[in-house]
Amino acid sequence: MLRYEAVTKRFGPVLALDAITLECASGRTTALLGPSGCGKSTLLRLAVGLVRPDAGLIKVDGGTVGAASLEGLRRRIGYVIQEGGLFPHLDVHGNVTLLARHLGWDRARIGARYGELLELVKLPALVSRRLPDELSGGQRQRVSLMRALMLDPELLLLDEPLGALDPMIRHELQHDLKELFARLRRTVVLVTHDIAEAGVLGDELVLLRAGRIEQQGSLEELLDRPTSAFAREFVASQRGARELLDAPLRALPRTGG
Amino acid sequence: MRPFARSRARGAEVLPRRAGALMFVAGLAVVLAALGTACAYRAAAATSPVVVGSKAFTESVILGEIVTRTLEREGIPAVHRRALGGSRVLFDALRAGEVDVYPEYTGTLDEELLGSPPAQAASDAARPGARSGAGARTGPARAAELHRLGLTIAARLGFEDRYVLGMLPGTARRLGIRRISDLARVPGLRFGFSNEFINRADGWPGLERAYGLHEQNVQGLDHELAYRALEQGDIEVTDLYSTDPEIVRDRLTVLEDDRGFFPDYSAILLVRTDAPTQVHQALARLAGRIDTRTMARMNERVLIGHLSESQVAAQFVEQLFGGPLQQPSPRTWPHELGEYTVEQLALTCASLAAAILIGLPLGIVAARRPALARLVLGAAGVVQTIPSLALLVFMIPLLGIGFAPAAFALFLYSLLPIIRGTSAGLLDIPRPLAESAAALGLSDWARLRLVELPLAARSILAGIKTAAVINIGTATLGALIGAGGYGQPILTGIRLNDVSLILEGAVPAALLALAVQALFDGIERLLLNPSTFSRSKR
């Protein structure tokens with residue numbers, strides 16, 4: 001679904017991505033993991049064409065990013081950032097349905113899809129007329145998800161979607177996201193620096209360091225068989241990840257809801 | 001099920017509400033433009049008659065009124081664009097056909113307007129004691145030069161308004177001084193001269209040479225203070241104009257210019273050669289009809305007697321030609337105020353609308369292309385630093401006088417705040433928001449319209465508001481080049497030293513500025529309070 005072929009990207013003197021090749025499998029959730037500045041967010045930004053690679057190709061569903069109109073590509077991708085990126089001058093309904101209305105969807109179709117999404121992200125209809133400022137952090141991220149999902153994209157890119165939330169909310173939203181991914185069966189690429197979150201949400205974990213892939217595999221593999229000193233250190237620094245292996249969240253069936 | 005039903009009720013409206021802000025601004029511009037055009041049309045409706053101009057001082061305005069009334073008496077429709085500005089403004093306007101006739105002085109024509117005649121200048125300057133005026137020329141030479149410019153002297157009015165020297169009658173008698181040459185006999189006399197007189201070639205420097213007045217004390221003095229200084233014995237001699245009211249009241253003795261130093265400043269009517277014959281004929285009827293004393297008396301009645309120029313002129317024309325006294329149409333206060341307001345609004349609305357229509361796109365372009373932004377903002381900044389009076393005068397050769405040049409100058413002034421507000425507003429949009437809008441898959445235009453402009457709306461509106469307030473303040477200067485508005489009574493008030501007249505223009509101008517400020521504050525609250533902005537339109 002999403003393929004990076006020897007992608008290199010520099011920001012001035014900084015080598016953000018160093019000839020990375022990576023395949024994010026269809027229908028699965030890939031979690032990009034690593035410390036700040038390892039290049040994980042840049043991978044997502046490349047996929048939606050917000051930045052261009054210096055070398056290499058990015059392919060979405062077989063098509064090369066940048067070869068055709070970015071607008072068309074972007075409409076097939078849902079993209080959510082840490083701060084949510086909701087437009088402050090629009091209420092919840094306005095934010096979520098902006099693109100659909102611009103594309104001329106009829107009223108009934110927009111209403112139906114909006115209703116589905118409210119239910120999917122577990123938001124009450126009464127938030128519809130609230131402005132982003134009047135929402136809690138968790139609600140904002142749920143609305144952000146709704147907006148990303150409005151056109152039912154094949155690919156969902158989430159850049160630290162839970163990064164700005166406090167632990168309680170974060171835990172709850174992790175749970176709901178897990179359930180949501182299971183229901184949607186879409187290709188999801190998730191960026192996080194939290195190995196526990198990557199473990200809960202991801203089918204495949206990719207550990208990045210300074211623009212290179214350090215290790216790739218399941219949570220078990222990463223925890224039990226770290227292939228480098230860095231991987232061992234990264235895992236060790238995040239206590240509690242191991243407990244996840246037996247946690248109830250992990251046991252949630254993929255076809256839930 | 002509830003959210004479903006609700007969504008349907010909210011549904012897709014025909015017009016995305018995000019376009020609200022944009023539509024509003026565009027609407028505002030269109031309404032302003034319409035208003036401006038309508039007002040301009042009204043203001044310009046009366047331009048087909050003969051246009052009489054006058055300079056911004058009392059004597060010129062009185063003469064303009066006399067000419068207008070004389071033409072009307074002959075059945076020729078005429079309008080008086082009074083107190084337009086200085087000699088250069090009137091002369092250029094006459095050449096451009098914006099004005100058909102105005103009162104001028106031969107000296108000014110020779111010295112300032114026509115430039116030096118080629119051969120004569122050198123020999124003139126070489127002759128000691130000769131007229132210092134480098135531009136002085138013979139009548140036929142002057143007429144020929146004017147003819148080339150399409151202009152003619154229609155009439156010499158019969159008086160001169162030139163520099164003279166004056167003393168208190170008592171002092172003059174005591175010292176036995178009647179002529180300027182007598183002054184050389186009395187060394188140590190104290191002269192108090194206006195600064196302009198001290199500096200002009202046809203003023204003191206030439207006079208000193210011509211009469212050998214090297215032994216005297218000269219000091220600069222404001223013209224208004226000269227009479228008091230004479231009375232207090234601080235000075236013995238001062239400069240004044242030959243038609244100053246003080247002369248008529250016999251409070252000063254004028255010294256005879258026995259060596260003919262001062263250039264000829266005969267009052268004339270300068271008219272376009274292509275004006276209809278009956279206009280030339282009507283103007284010719286004024287030839288030689290106003291002597292120095294008559295003119296000085298009319299000045300006195302306006303400056304000291306507080307009559308209007310129109311009244312004084314009407315009485316003069318009445319006495320000259322007889323017949324029923326044609327009273328100047330009574331211009332009542334609210335009527336005049338209404339007219340000024342219409343003119344002022346026309347200027348402001350038209351120029352502001354144009355500035356919005358041009359400035360907004362320029363601001364958008366400036367936000368997108370930094371290199372272009374420097375160019376655009378730099379250019380607009382340079383325009384902003386041109387003093388408004390200078391900018392207005394620059395416009396005359398391009399657009400003539402009246403509404404168009406004033407509106408164009410105001411348009412230029414309004415441009416910078418709007419461009420800057422727009423580009424700053426767009427550049428200040430936080431990157432996550434800009435990127436979210438891009439990543440959503442909206443087209444460039446849709447992104448601009450639905451997300452970026454609404455987010456920049458506060459800054460854009462602030463720019464428009466600043467432009468509007470500057471605009472109203474500067475628009476009062478439009479009166480200098482005949483665009484009317486609140487500047488008209490202000491300028492007249494300054495000229496006549498009449499505070500109530502100044503206030504008649506200044507107070508409504510200030511109120512209008514406040515009203516505009518309040519209007520925009522209201523718009524801002526309505527439009528930018530996110531709750532009304534986003535939710536009210538269902």
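Q: Let's start in chain A. What stands opposite A:Val80?
A: A:Leu158, which sits in strand 7 of chain A. One thing to keep in mind: this is a predicted model.

Q: How do strand 6 and strand 7 of chain A pair?
A: In the parallel sense, over 4 bridges. Strand 7 of chain A covers residues 155-159.

Q: And strand 6 of chain A, which residues cover its faces?
A: Strand 6 spans residues 77-80 of chain A, and both of its faces are covered. A:Ile77 and A:Tyr79 are buried on one side. A:Gly78 and A:Val80 are buried on the other.

Q: Why two sides?
A: In a regular strand, side chains alternate between the two faces of the sheet.

Q: New topic. Where is A:Thr192?
A: A:Thr192 is in strand 8 of chain A, residues 187-192.

Q: Why does A:Thr192 count as buried?
A: Because A:Thr192 has 24 C-beta neighbours inside 10 Å, and the cut-off for buried is 20 or more.

Q: What does A:Thr192 touch, leaving out residues up to four places away in sequence?
A: A:Ala31, A:Leu33, A:Glu160, A:Glu197 and A:Ala198.

Q: How far is A:Thr192 from A:Gly34?
A: Their C-alpha atoms are separated by 7.2 Å. Along the chain, A:Thr192 and A:Gly34 are 158 residues apart.

Q: On to chain B. How many helices and strands?
A: Chain B has 24 helices and 10 strands. It has 538 residues, and 45% of them count as buried.

Q: What about contacts across the sequence?
A: Take contacts in chain B between residues at least 6 apart in sequence. Of those, 79% join residues at least 24 apart.

Q: What joins strand 6 to strand 7 in chain B?
A: 4 bridges, and the two strands run parallel. Strand 6 of chain B is residues 190-193. B:Arg190 stands opposite B:Asn217 in strand 7 of chain B.

Q: Last one: how do helix 14 and helix 15 of chain B cross?
A: At roughly 145 degrees, with axes that come within 9 Å. The crossing of helix 14 and helix 15 of chain B is right-handed.

Q: Which residues meet there?
A: From helix 14 of chain B, B:Met298, B:Arg301 and B:Val302. They meet B:Glu309, B:Val312 and B:Phe316 in helix 15 of chain B. By class, that contact has 4 nonpolar, no polar and 2 charged residues.

Key. Residues numbered from 1 in each chain as written. Chains lettered and ligands numbered in written order. Predicted model: local features only at pLDDT ≥ 70, side-chain atom pairs only at ≥ 80, totals over all residues. Buried ≥ 20, exposed ≤ 12 C-beta atoms within 10 Å, placed from the backbone. Contact = placed C-beta atoms within 7 Å. Pairing = 2+ DSSP bridges. Axes fitted to C-alpha atoms, helices over the stretch in contact; angles between N-to-C directions. Left-handed = near helix turned anticlockwise from the far one by under 90°. Nonpolar A, V, L, I, M, F, W, Y, C, P; charged D, E, K, R; others polar.
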